[in-house]
Amino acid sequence: MGGYNSVGVFHGFLLTDGDFTSVDVPGATRTGANGINARGDIVGRYVADGVSHAFLLIGGQFSTIDYPGATFTAADTMNQRGDILGRYIVDGVTHAYLLVGFRPVCN
């Protein structure tokens with residue numbers, strides 16, 4: 001898991017048993033995969049319209065995570081319970097966050 005650059009575009013990726021899969025949030029100009037849990041849920045960060053957002057990828061569906069008022073949000077790791085640890089920036093100061101038991105609501 002991680003990121004790669006192809007012709008100036010940054011993508012996330014997952015390498016499992018020799019199979020390489022790109023991880024790209026639709027509409028993003030940059031995606032990075034930062035963490036994965038045993039269920040295969042992936043968290044990371046993407047950039048769209050110049051703003052950094054965190055994401056959670058479950059079963060092929062992306063959910064955006066934005067800390068209120070932040071200019072930058074990233075998700076770094078996730079455990080089995082769905083607890084997500086990440087970072088955000090407000091007024092130029094970096095903070096950590098813990099989002100406990102996060103499961104997106106799917107419509």
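The radius of gyration of this protein, taken over C-alpha atoms, is 13 Å, and because a compact globule of 107 residues would have a value near 13 Å, the two agree; the globule rule used here is 2.2 Å times the number of residues to the power 0.38. Please keep in mind that this is a predicted model, in which local features need pLDDT of at least 70 and side-chain atom pairs count only at pLDDT 80 or more, while totals for chains, interfaces and linings use all residues. Residues are numbered from 1 along each chain as its sequence is written, and side-chain values use heavy atoms, with hydrogens and water left out.

Along the principal axes, the C-alpha trace spans about 40 × 35 × 25 Å. The protein has ten strands and zero helices, where strands are DSSP runs of E with at least two residues, helices are runs of H or I with at least four, and both are numbered from the N terminus.

Is D41 buried or exposed? D41 counts as buried, because its relative accessibility is 4%. Leaving aside residues up to four places away in sequence, D41 touches G35, I36, L56, L57, I58, M78 and R103. The side chain of D41 also makes a polar contact, at 3.0 Å, with the side chain of R39; such a contact is a pair of N or O atoms within 3.5 Å, in which, within protein, one must be able to donate a hydrogen and the other to accept it, and residues adjacent in sequence count only if both atoms are side-chain atoms.

The second residue is T71, found in the loop between β7 (61-65) and β8 (72-78), and T71 counts as exposed because its relative accessibility is 55%. Which residues does T71 touch, not counting those up to four places away in sequence? They are V51, S52 and I89. The C-alpha atoms of T71 and G50, which are 21 residues apart along the chain, are separated by 9.7 Å.

Conventions. Buried means under 20% relative accessible area, exposed over 50%, partly exposed in between (1.4 Å probe, protein chains only). Contact means heavy atoms within 4.5 Å.
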